Amino acid sequence: MSTLEKFFADLDEELTIKEIKKRIESEENPQKLLVEIRNGLRIVGKKFEMKQYALIELEMAEELFRICTTAIETLSGKKDLDHLDKSDKGILEDIDTTDLG
């Protein structure tokens, strides 16, 4: 697990954004960062399924994903990042939220 994935999975917005800024400044490929953000989102989903996270953490992860993708686009200067491709759809939708008790 990369540092970025860990920060995201821990829902640490400040460290996640700092890591994104650092890696964009070192000219890392923005697509690679998006892959790691997606992986962090999947980890959050698994934690939710294992009842380590509640629904509020799932909602926080969704918001953090949006913040991260906006930061990556802004910092990299690329507005055409394919962060909403088919592989992203359903990451949160596939999680069973019917058993919230």
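**View 1. The buried face of helix 2 in the predicted model**. Six residues of helix 2 are named here as buried: Thr-16, Ile-17, Glu-19, Ile-20, Arg-23 and Ile-24. Viewed down the helix axis, the buried residues of helix 2 fall within an arc of 160°, so they line one face. An α-helix has 3.6 residues a turn, so residues three or four places apart point the same way. Helix 1, helix 3 and helix 4 (55-76) are among the elements that cover these buried residues. On the face turned away from the buried side, helix 2 carries the exposed residues Glu-14 and Glu-25.

**View 2. Helix 2 from end to end**. Helix 2 covers residues 13-25. At 1.5 Å a residue, its 13 residues should span 18 Å. The end C-alpha atoms are 18 Å apart, which agrees. Just after the helix, Glu-27 takes a positive phi of about 65°.

**View 3. Asp-12 at the N-terminal end of helix 2**. Asp-12 sits in the loop between helix 1 (3-9) and helix 2. Asp-12 caps the helix: one of its side-chain oxygens lies 3.3 Å from the backbone nitrogen of Glu-14. Is Asp-12 buried, partly exposed or exposed? Its relative accessibility is 27%, so Asp-12 counts as partly exposed. Ala-61 is 49 residues away along the chain, yet the C-alpha atoms of Asp-12 and Ala-61 are separated by 9.6 Å.

**View 4. A salt bridge between Lys-47 and Asp-10**. The closest N and O atoms of this pair are 3.8 Å apart. The bridge links distant parts of the chain. Lys-47 belongs to helix 3 (residues 30-49), while Asp-10 lies in the loop between helix 1 and helix 2. The two residues are 37 residues apart. Asp-10 counts as partly exposed because its relative accessibility is 37%. Side chains of opposite charge can pair when their charged atoms come close. The model has ten salt bridges.

View 5. Lys-22 lies three residues from Glu-19, about one turn of the helix. Arg-23 lies four residues from Glu-19, also about one turn. Glu-19 is charged yet buried, because its relative accessible area of 10% is under the 20% cut-off. Arg-23 is buried too. Salt bridges with shared partners join Glu-19, Lys-22, Arg-23, Glu-28, Lys-32 and Glu-36 into one network.

**View 6. Ile-20 in the largest nonpolar core**. This core has 20 residues. Those with the most contacts inside it are Phe-8, Ile-20, Ile-37, Val-44, Cys-68 and Ile-72. Helix 1, helix 2, helix 3 and helix 4 each supply at least two core residues. Which helix gives the largest share? Helix 4 does, with seven residues. Ile-20 comes from the buried set of helix 2. Beyond its neighbours within four places in sequence, Ile-20 is in contact with Leu-4, Leu-33, Ile-37, Cys-68, Ile-72 and Leu-75. In soluble globular proteins, nonpolar side chains tend to be buried together.

Terms used:
Residues numbered from 1 in each chain as written. Predicted model: local features only at pLDDT ≥ 70, side-chain atom pairs only at ≥ 80, totals over all residues. Heavy atoms only, no water. Buried < 20%, exposed > 50% of the residue type's maximum accessible area, 1.4 Å probe, protein only. Salt bridge = Lys/Arg side-chain N within 4 Å of Asp/Glu carboxyl O. Expected span 1.5 Å × (residues − 1). Arc of directions from axis to C-beta. Contact = heavy atoms within 4.5 Å. Polar contact = N/O pair within 3.5 Å; in protein donor to acceptor, adjacent residues only side chain to side chain. Core = buried A, V, L, I, M, F, W, Y, C linked by side-chain atoms within 4.5 Å.
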